[in-house]
Amino acid sequence: MARFMTSELRTLVGGLDHPECVAIGLDGQLFAGGEGGQIYRIAADGSDVAELANTVGESGGLALDVAGNLY
């Protein structure tokens, strides 16, 4: 099991609507669902955030397949 110190943690990006169900792509991009149904894509370094879609309801979970398709 990997160990880390809480001093090593940092906020990557702020202002999202209660992000949850985070999935990480092979290229390091993050995907997260928001409480209001948002689907966010976040650059690996946090420099770019985009709302890709809105499901008009909570997202129950996100997953990426080996081809990079988001479910």
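Of the 71 residues in the chain, 24% count as buried, in a model that is predicted. The secondary structure of the chain comprises four strands and zero helices, and from the N terminus onward its elements follow the order β-β-β-β.

**Overall dimensions and surface**
- The C-alpha trace of the chain spans about 35 × 30 × 25 Å when it is taken along its principal axes.

**Contacts along the sequence**
- When contacts between residues at least 6 apart in sequence are considered, 28% of them join residues that are at least 24 apart.

**The sheet**
- The four strands form an open sheet, in which they are arranged in the order E1-E2-E3-E4 and the pairing is antiparallel.
- Strand E1, covering residues 20–24, and strand E4, covering residues 49–54, stand at the edges with a single partner strand each, so one side of each of them is left without a neighbour in the sheet.
- From one strand to the next, the twist of this sheet averages 20°.
- In general, the strands of a sheet pair through backbone hydrogen bonds, and this pairing may be either parallel or antiparallel.

**The pairing of E3 and E4**
- Strand E3, which consists of residues 38–42, is joined to E4 by five bridges, and these two strands run antiparallel.
- Within this part of the structure, Ile39 stands opposite Ala53, a residue of E4.

Notes
Residues are numbered from 1 along each chain as its sequence is written. This is a predicted model: local features need pLDDT of at least 70, side-chain atom pairs count only at pLDDT 80 or more; totals for chains, interfaces and linings use all residues. Side-chain values use heavy atoms; hydrogens and water are left out. Buried means under 20% relative accessible area, exposed over 50%, partly exposed in between (1.4 Å probe, protein chains only). Contact means heavy atoms within 4.5 Å. Two strands pair if DSSP finds at least two bridges between them. Axes are lines fitted to C-alpha atoms, for helices over the stretch in contact, and angles run from 0 to 180 degrees between N-to-C directions.
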